[in-house]
Amino acid sequence: MTSFVEYDAPDFDRREPQAVRGLVHNPLTLAPANALDAEEMVDFFRAFEEVAFCDWQDTTRLRRILLRDTTLAYVARNRYGTLVGAIIGGLLGTRGTINHLAVSEPYRQRGIGETLVERLIRDMKRQGVRRLFLFVDDDNATGQSFWDSQGFNEARGETTYEKDL
Ligand SMILES: CC(C)(COP(=O)(O)OP(=O)(O)OC[C@H]1O[C@@H](n2cnc3c(N)ncnc32)[C@H](O)[C@@H]1OP(=O)(O)O)[C@@H](O)C(=O)NCCC(=O)NCCS
């Protein structure tokens, strides 16, 4: 059974009094993503131009990925069950990667992105991961500020090589 963790407003909003008031009546739920979330997650991630969600990544593929024990993913939902944030990452031995992260615009800058990352990092540490890596577009200034704020550093002296299969 999937374990759900309920978060009240204070966990999600430490900053804006107005947003806190809004969230008191609109608590968010954070839960590990499972295969049933795949379809919604595909639509969700595709809606963000900053998220490099490949065309070939469809519901069936994502469902299979979510079922693997090397995949870690969380979804944040509002009180109506609408997806407002999601993160997905994977384990590669002692390294881990964060593939995709997004938060719906009206819900941004309330600590949801940070909370999703904290959850994933907590799980990765438990699985023995010692270093995380991820890719951010050069023109995604918000994404870069966000990862800076989470203690990530730009890799120096390394070039990323890639090949489509
Ligand atoms: C990046 C993103 C996930 C951040 O989500 P969020 O819930 O708004 O982030 P948080 O509220 O947890 O912010 C944590 C910190 O990130 C930084 N940050 C977040 N948004 C920022 C912005 N617009 N400008 C500058 N810094 C920002 C701040 O340092 C912030 O801490 P602070 O609020 O105490 O200043 C969200 O903007 C998003 O979905 N962007 C589009 C998709 C994307 O770019 N994903 C990342 C691709 S790698």
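This is a predicted model: local features need pLDDT of at least 70, side-chain atom pairs count only at pLDDT 80 or more; totals for chains, interfaces and linings use all residues.

Analyst: Residues are numbered from 1 along each chain as its sequence is written.

User: Is Q109 buried, partly exposed or exposed, and why?

Analyst: Start with where Q109 sits: the loop between β5 (95-103) and α5 (112-126). Helices (H or I, at least four residues) and strands (E, at least two) are DSSP runs, numbered from the N terminus. A residue is buried with 20 or more other C-beta atoms within 10 Å of its own, exposed with 12 or fewer, and partly exposed in between, with C-beta atoms placed from the backbone. Q109 has 15 such neighbours inside 10 Å, so the label is partly exposed.

User: What is the phi of Q109?

Analyst: Most residues other than glycine have a negative phi. Q109 is not a glycine, yet its phi is positive, at about 55°.

User: Which helix gives the most residues to the shell around the ligand?

Analyst: Of the 21 residues around the ligand, R108, G113, E114, S145 and S149 come nearest. β5, α5 and α6 (141-149) each supply at least two residues of that shell. With five residues, the one giving the most is α6.

User: Which residues is W147 in contact with, leaving aside neighbours within four places in sequence?

Analyst: W147 is found in helix α6, and it is partly exposed, with 19 other C-beta atoms within 10 Å. Contact means that two C-beta atoms, placed from the backbone, lie within 7 Å. Setting aside those sequence neighbours, W147 touches V136 and F152.

User: At what angle do α3 and α4 pack?

Analyst: Two packed helices are described by the angle between their axes and the distance between the axes. Axes are lines fitted to C-alpha atoms, for helices over the stretch in contact, and angles run from 0 to 180 degrees between N-to-C directions. Residues A38, E39, M41 and V42 in α3 meet T59, L62, R63 and L66 in α4. The axes of α3 (residues 38-46) and α4 (residues 59-67) are 8 Å apart, and the angle is about 115°.

Conventions:
A residue is near a molecule or strand if its C-beta atom, placed from the backbone, lies within 6 Å of it.
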